Amino acid sequence: MISRSEVEAIVLKFVEALNIDDASIVPLSKDVEYHGMFSPNPICGEADVRDYIDQIAPFMLNEKYGRIIIEGGLVAVRASFDSVNGIHNEGAFFFEVQENRIKSIKAIFDTRRMFAGKDS
């Protein structure tokens, strides 16, 4: 059984990856799914999720995490970041960790704030 501290370390690799723009450090399962705000369908598979993380990371500056709730391999993380237009955003990530790898990521942020001041 994976320990709480091991699960937390795995999830924090994701936060670190966003800050250094390098998804290669995130332990992902082969069949990982990423459910994000900008796509109606999940991004599936290790290579595609890594590519997606590498694409979004440059637009999420100063990624920080707050409270982490861990129950077994299920994790909720309060998070915040500054978008490239200077808007501060807060939300949450939800993870499922299995066999020392992230199996699922769900991101929940208010994307309207990211486009504040932009023409629609």
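**View 1. Strands S5 and S6 pair in the antiparallel sense.** This is a predicted model: local features need pLDDT of at least 70, side-chain atom pairs count only at pLDDT 80 or more, and totals for chains, interfaces and linings use all residues. Strand S6 covers residues 101-109 and joins S5 over 8 bridges. Strands pair if DSSP finds at least two bridges between them. Strands (E, at least two residues) and helices (H or I, at least four) are DSSP runs, numbered from the N terminus. Phe 93 has Ala 107 in S6 as its bridge partner. The S5 and S6 hairpin has 2 residues between the strands. There, Glu 99 takes a positive phi near 50 degrees.

**View 2. Ser 104 sits in strand S6.** Ser 104 is buried, with a relative accessible area of 12%. Buried means under 20% relative accessible area, exposed over 50%, and partly exposed in between (1.4 Å probe, protein chains only). Ser 104 touches Val 32, Glu 33, His 35, Phe 94, Phe 95 and Glu 96, not counting residues up to four places away in sequence. Contact means heavy atoms within 4.5 Å. Residues are numbered from 1 along each chain as its sequence is written, and side-chain values use heavy atoms, with hydrogens and water left out.

**View 3. S4 and S5 form a hairpin.** Strand S4 spans residues 74-83, and S5 spans residues 88-98. The two run antiparallel, joined by 9 bridges. Asp 82 stands opposite His 88 in S5. The hairpin has 4 residues between its strands. In the turn, Gly 86 has a positive phi of about 85 degrees.

**View 4. Lys 64 lies in strand S3.** Lys 64 touches Arg 78, Ala 79 and Ser 80, leaving aside residues up to four places away in sequence. Asn 89 is 25 residues from Lys 64 in sequence. In space, the two are 11 Å apart, C-alpha to C-alpha.

**View 5. Helix H1 buries residues along its length, including Val 7 and Leu 18.** Val 7, Ile 10, Val 11, Phe 14, Val 15, Ala 17 and Leu 18 are buried. They lie on the same side of H1 because they cover an arc of only 155 degrees around the axis. That arc is taken from the directions from the helix axis to the C-beta atoms. Their cover includes strand S1 (28-35), helix H2 (46-56), strand S3 (60-71), S4, S5 and S6. Asp 21 follows H1, with a positive phi near 55 degrees.
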